[in-house]
Amino acid sequence: MWQRIPGAEYGRVTEIIAGLYMSPLEILALLGAVALVVARWLPPAARPRVTIAAGAVLVLSAVLLSAAGIRWQMLPVLAGAAFALPFAFSPLLRRRTGRPAWRARWWLALPGSVACVGLVATGPVAAWAFPVPVFPEPSGDFAVGTRVVQWTDPGRPETFTADPDDRRTVVAQLWYPAQKSPAGAQRAQYLGRTEAEARTVSDALARGVGLPGFLVDGVPRARTHSVFNAPVAGGGERFPVVLFSPGSGGVRTQNTAWAEELASHGYVVAALDHPYDSAAVVLADGRTITTETASSGDPDEDDKLAADWTAVRAADLSFVLTQLDSLDRGEIAGPLSGRLDTSRVAVTGHSMGGAAALQAARQDRRFDAVIDLDGYPHGPTSPSLDRPTLALTQAVTPGTDPRYVPRLTEVLKSSTVTSYRLTIPGAAHLTFMDGPLYLPPVPSIVGSLGRTESPRVVAAATLAFLDAVLQDKPGDLAGVLPAYGNLSVYHPDNGR
């Protein structure tokens, strides 16, 4: 499977090979570097040919990589090769000038060769740890289109600014069932509409977790499986709607793999950026709004702040649903007019976004179902939820907030309809977004399910729930969901 990254004018040399997380050109440079180091240890007759060939391959690939946009992971490879280069070519040059070739004794050369090999090996290890994400192919019958919309709520002041005339603006990205695009159609950039926007967002996300931006410079290079502004799928059917709120400091694109999978199965997913909360929101006029939410350091004050921010997010979700309803009725122009079934709507979110989804469902009866992706329920727990709810949670460990499971259980037990909590073994908090696709596979960070299994399990459990509650597809959720984890079912009659 090949995943194209920006730089399409250079063809397949800028594509990433899944599993190796390197492009063919990067692999060529790696092989050239290895051959250059190893040449010193070959039989005398083979050394000149291997050295010249390896040097030519290395120089050519380095030049092309520089033109296409070199990744930091390749720098130790080139450094190791550069260190070995003079020692490899010096004997050849001395022979050409008629001087006797000089070569260091093996016990002197060995430490240098080991050091060079160590540098060169650092490259593929770093590419594996911080790769250009390769998105899983959506498994549904539909191709996937995507588009970005920006709406301002004229009746709601922006509470994060002091300007009394400032009104709340929300940016949303829609993923929807689309017609199949022509072969070679440019797939959508990850994290933004353009590479510049993607880099702005990537840098902001890195700063938010205290990482230097260069470590994740492969993320804004990625392409997804959707196509911007692709024609909506034919047939005229109307698609159920799923709204999504990201985690604290998260962005609308953080669950792209999940959104594309849902859209390929006939759902329209609308994921929100929450200005002043999301890490970076690039508006249509080019302005970038960065996060202004931060911990106070006081647990009680943080709980109050989180409840306030959750309330803003819940209002954003209701506002976007209103806009989508207007879009469906043709009051807002767009290709999805008449294709959104706003009588079948789920509200979802990750982390704080999950808390916002729970609050939005309490306040807005237009939401028919709720999915909380490992979100602590901030804010009031009343009135009781009266919509089917699925809470997906990470594996509970000694490091888990001891308040989390009791608080979530309280919310689910008080529901007036059957609700579910599915604990996924091997999952961590970031398992429920795209993190496993591009972060180091450290279990405490992204879980132990792996880069392929993490998005598959989360999307499959989500689809099973949505199909049952929004599309009335046959099947017993209590019998289906245990395939993905440990299920607890809370019935309204007995609270179990």
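A nonpolar core is a set of buried Ala, Val, Leu, Ile, Met, Phe, Trp, Tyr and Cys residues joined through side-chain atoms within 4.5 Å. In this predicted model, the largest such core has 37 residues, and a second, separate core has 33. Helix 6 (residues 256-264) is mostly covered, and two cavities of 30 Å³ or more are counted.

**Nonpolar cores**
- Within the largest core, the residues that touch the most other members are Leu243, Leu317, Val320, Leu324, Val347 and Phe367.
- Two or more residues each come from strand 3 (143-157), strand 4 (167-178), strand 6 (239-245), strand 7 (268-273), helix 7 (299-328), strand 10 (340-350) and helix 8 (352-363).
- Helix 7 contributes the most to this core, with seven residues.
- Beyond its neighbours within four places in sequence, Leu324 contacts Trp151, Leu174, Val241, Leu243, Ala270, Leu340 and Thr342.
- The second core includes Trp175, Leu373, Tyr420 and Val457.

**Helix 6**
- Nine of the nine residues of helix 6 are buried, among them Trp258, Glu260, Glu261 and Leu262.
- These buried residues pack against strand 3, strand 4, strand 6, strand 7, strand 10 and helix 11 (450-470).
- Gly266, which follows helix 6, has a positive phi, near 100°.

**Second largest cavity**
- The volume of this cavity is about 50 Å³.
- Its lining consists of Asn255, Ala257, Trp258, Thr431, Phe432, Met433, Asp434, Pro455, Val458 and Ala459.
- Helix 6 and helix 11 are the elements that give two or more residues to this lining, and the largest share, three residues, comes from helix 11.
- Seven of the lining residues are nonpolar, two are polar and one is charged.

Conventions. Residues are numbered from 1 along each chain as its sequence is written. This is a predicted model: local features need pLDDT of at least 70, side-chain atom pairs count only at pLDDT 80 or more; totals for chains, interfaces and linings use all residues. Side-chain values use heavy atoms; hydrogens and water are left out. Buried means under 20% relative accessible area, exposed over 50%, partly exposed in between (1.4 Å probe, protein chains only). Helices (H or I, at least four residues) and strands (E, at least two) are DSSP runs, numbered from the N terminus. Contact means heavy atoms within 4.5 Å. On a 1 Å grid over the protein atoms alone, a cavity is a set of points where a 1.4 Å probe fits but cannot get out, and a pocket is an open set with protein on both sides within 12 Å along at least five of seven lines; lining residues have an atom within 4 Å of a point. Grid points are joined across faces, edges and corners, and a volume is the space filled by probe spheres set on the points. Ala, Val, Leu, Ile, Met, Phe, Trp, Tyr, Cys and Pro count as nonpolar, Asp, Glu, Lys and Arg as charged, and the others, Gly among them, as polar.
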